Amino acid sequence: MTTFQLDKAHSSVAFQVRHMMISKAKGEFTNFDVEVEGDINELESLKIKATIDAASIDTKNADRDNHLRSADFFDVENYPTITFVSESVRKLSDTEYEVTGKLTIRGVTRTETFKVEYNGQVKNPLTGGISVGFDVEGTINREDYGLVWNVALETGGFLVGKEVKILASFEFALS
């Protein structure tokens with residue numbers, strides 16, 4: 001069994017969503033934790049649990065962030081965390097995997113699958129220990145989780161897109 005310690009300084013959970021049909025609004029969650037259990041030499045054995053503090057959303061716009069924290073979107077007062085708990089890890093190639101599990105946002109739980117790129121292992125020159133890295137990517141429909149607020153545009157379409165692209169990178173120290 002490998003012990004994984006999340007290196008938060010070298011990890012991130014970001015997202016992007018279509019804005020006014022013409023651009024992408026981007027943001028991140030600044031407070032999160034990822035617990036991993038299993039054998040680094042057999043990635044299919046890994047069990048993953050990610051917990052995100054929904055109030056830590058940061059889009060570099062305070063008014064938008066406060067709106068996203070409100071009942072129109074994440075309703076952080078009633079649903080303070082977003083969680084993902086893996087159910088399976090499937091190997092696609094030496095570096096590509098699919099992780100399927102239960103994603104819970106705003107009290108709604110659905111099965112989602114994310115692509116994971118395993119970036120390998122390296123000896124950390126600062127600690128002397130082994131570090132590993134993973135990149136995660138996937139797309140969810142925000143309306144599936146009750147995040148349905150929107151405004152119709154005069155020219156057609158909506159202010160906020162339904163599809164949200166998730167982009168995360170995680171670095172772990174192993175022991």
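This is a predicted model: local features need pLDDT of at least 70, side-chain atom pairs count only at pLDDT 80 or more; totals for chains, interfaces and linings use all residues.

Residues are numbered from 1 along each chain as its sequence is written, and side-chain values use heavy atoms, with hydrogens and water left out.

**Exercise 1. Find the salt-bridge network that contains Glu-28, and say which parts of the chain its pair with Lys-60 ties together.**

Step 1: The structure holds seven of them.

Step 2: Start at Glu-28, which pairs with Lys-60, their closest N and O atoms being 3.6 Å apart. Glu-28 sits in strand 3 and Lys-60 in the loop between strand 6 (57-58) and helix 1 (62-69), so this bridge ties together parts 32 residues apart in sequence. Helices (H or I, at least four residues) and strands (E, at least two) are DSSP runs, numbered from the N terminus.

Step 3: Move on to Asp-58, whose side chain also meets Lys-60 in a salt bridge (3.5 Å, N to O). That gives you the network: Glu-28, Asp-58 and Lys-60.

Step 4: Check the exposure, where buried means under 20% relative accessible area, exposed over 50%, and partly exposed in between (1.4 Å probe, protein chains only). Lys-60 is exposed at 67%, while Glu-28 is partly exposed at 26% and Asp-58 is partly exposed at 22%.

**Exercise 2. Work out which strands the salt bridge between Lys-165 and Glu-137 ties together.**

Step 1: Look at the gap: the closest N and O atoms of Lys-165 and Glu-137 are 3.5 Å apart.

Step 2: Lys-165 lies in strand 11 (residues 160-174) and Glu-137 in strand 10 (residues 130-141), so the bridge joins parts that are 28 residues apart in sequence.

**Exercise 3. Place Lys-8 in the chain and find how far its C-alpha atom is from that of Glu-171.**

Step 1: Find Lys-8 in the loop between strand 1 (2-6) and strand 2. Its relative accessibility is 44%, so Lys-8 counts as partly exposed.

Step 2: Jump to Glu-171, 163 residues away along the chain from Lys-8. The C-alpha atoms of Lys-8 and Glu-171 are separated by 7.5 Å.

Terms used. A salt bridge is a side-chain nitrogen of Lys or Arg within 4 Å of a carboxyl oxygen of Asp or Glu.
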